[in-house]
Amino acid sequence: MTFNISPPDGANDASIQAHLDSRLKPPGALGVLEATAASLVRILGPSTHAIRSPVMLLFAGDHGVSAEGVSIVAPSTTHLMVHHFLEGNASINSFCRQADLALKVIDCGTLQAHAPHPQLVDHRLGEMTAPFHREPAMTLEQLETGFENSRRLIGELHADGCNLIALGEMGIGNTTSASALMAALTHLPFDVCIGAGSGVTPTIMKRKQDIVQLGLQRHSQALQDTRTTLAALGGFEIVSMVGAILAAAEKGMVVLVDGFITTVAALCACRMAPEARGYLIFSHCGDERGHRPLLEQLDAVPLLHMGLRLGEGSGAALALPLLRSALAFYYEMASLEEAGLVL
């Protein structure tokens with residue numbers, strides 16, 4: 001599958017910056033919020049003054065490596081958490097309600113299927129990935145189906161007027177998969193890429209490191225291409241997020257990235273289509289060890305630093321009001337000239 005992505009139009013960058021500098025404030029006084037406003041205006045165009053019908057897409061999938069002792073909780077926790085997302089009583093539900101952010105939960109492949117629900121999207125690629133240190137996590141056919149599913153979903157949201165998606169994820173073992181992808185794509189040392197995830201013991205950390213190393217060794221021939229790397233090491237939910245990012249960029253939509261695992265998906269998407277980078281806004285830098293160097297790889301300045309390491313899209317939901325504020329001041333703040341001031 002090919003995504004036809006054009007980078008955001010930079011033709012108006014000079015006028016956007018001049019507009020920012022002419023507002024009723026010292027130039028640059030709103031810091032990262034000014035760069036965020038510029039990014040939003042560049043992506044959405046000058047005729048769109050608001051974020052419309054934003055949706056949190058929370059991708060869930062189970063991982064074969066979760067049975068290898070890489071987490072402090074059982075693999076069944078993924079199913080349990082999806083149940084609570086749909087019941088509306090997890091942290092992400094609270095944050096989405098506060099941010100007036102619709103929530104869709106995408107089952108990309110969990111151990112147990114879920115009963116139909118208005119907020120549930122069935123994009124199952126299987127029950128779980130294979131343990132990637134023994135065999136490829138998925139087939140290339142499953143990867144392409146994941147991309148197709150996400151492209152179709154994004155197309156439906158765009159047709160309904162959505163111009164921003166936020167990304168979240170849930171999957172026991174997915175920090176192990178994401179760490180392996182980060183190591184394969186960046187060639188950074190293991191101790192930079194592999195963190196504590198949900199809060200593991202030294203013994204579990206050693207197991208994660210061993211599994212990542214075995215996976216990289218086993219699939220060394222597949223790691224020359226991002227697609228085959230994703231199939232070898234990725235999770236169903238990670239692959240589906242990559243497809244969503246590429247599809248949203250293709251439609252000219254804003255993509256609000258959450259934490260470590262969604263940022264790994266963003267890195268994969270940008271390796272496949274560098275033009276997608278211009279559509280990404282990074283909500284926060286979390287406490288997972290690899291998140292900061294991963295953001296540096298993408299030349300990304302996150303909006304928040306709150307020590308988050310929950311996932312679920314929590315940081316993205318918390319950051320959405322800042323994006324609304326960025327557009328509001330850009331279009332609503334008086335100019336220095338209108339206020340009778342000259343700096």
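Axes here are lines fitted to C-alpha atoms, for helices over the stretch in contact, and angles run from 0 to 180 degrees between N-to-C directions. The structure is a predicted model, in which local features need pLDDT of at least 70 and side-chain atom pairs count only at pLDDT 80 or more, while totals for chains, interfaces and linings use all residues. Residues are numbered from 1 along each chain as its sequence is written, and side-chain values use heavy atoms, with hydrogens and water left out.

The crossing of α4 and α13 is left-handed; a crossing has this hand if the near helix is turned anticlockwise from the far one by less than a right angle, and is right-handed if clockwise. On the α4 side, I92, F95 and C96 meet S314, A317 and L318 of α13, where contact means heavy atoms within 4.5 Å. By class, this contact has 5 nonpolar residues, 1 polar residue and no charged residues. In that scheme Ala, Val, Leu, Ile, Met, Phe, Trp, Tyr, Cys and Pro count as nonpolar, Asp, Glu, Lys and Arg as charged, and the others, Gly among them, as polar. Helices (H or I, at least four residues) and strands (E, at least two) are DSSP runs, numbered from the N terminus.

Helix α10 (residues 236-250) and helix α11 (residues 260-272) pack with their axes 8 Å apart, at an angle of about 55°. The two are therefore oblique to each other, and their crossing is right-handed. From α10, the contact is made by I238, M241, V242, I245 and L246; α11 supplies I261, T262, A265, A266, C268, A269 and M272. The classes in this contact are 11 nonpolar, 1 polar and no charged residues. An α-helix has 3.6 residues a turn, so residues three or four places apart point the same way.

The description now turns to the sheet. Its 6 strands form an open sheet in the order β3-β2-β1-β4-β5-β6, with parallel pairing; two strands pair if DSSP finds at least two bridges between them. At the edges stand β3 and β6 (280-282), each of which pairs on one side only. On average, neighbouring strands of the sheet are turned by 25° against each other, direction ignored.

Strand β1 (residues 55-61) pairs with β2 in the parallel sense over 7 bridges. Along this pairing, M56 has L103 as its bridge partner in β2, A60 has D107, and G61 has G109. β1 also pairs with β4 in the parallel sense, over 6 bridges, and L57 has L167 as its bridge partner in β4. Strand β1 is mostly covered, with 7 of its 7 residues buried; buried means under 20% relative accessible area, exposed over 50% and partly exposed in between (1.4 Å probe, protein chains only). In a regular strand the side chains alternate between the two faces of the sheet. In β1, V55, L57, F59 and G61 point one way and M56, L58 and A60 the other, and all are buried.

Strand β2 (residues 102-109) has 6 of its 8 residues buried, so it is largely enclosed by the rest of the structure. β2 also pairs in the parallel sense with β3 (residues 120-122) over 3 bridges, where I106 stands opposite V121. Helix α5 (residues 140-159) lies across β1, β2 and β4 (164-170), running at about 160° to β1.

Helix α3 (residues 77-87) has T77, T78, M81, V82, F85 and L86 among its buried residues. What covers the buried residues of α3 includes β1, α4, β2, β3 and β4. After α3 comes G88, whose phi is positive, near 90°.

D100 is placed in the loop between α4 and β2 and is exposed, with a relative accessible area of 61%. H187 lies in the loop between α6 (174-186) and α7 (190-193) and is likewise exposed, with a relative accessible area of 68%.

Key
Parallel < 35°, antiparallel > 145°, perpendicular 65-115°, else oblique.
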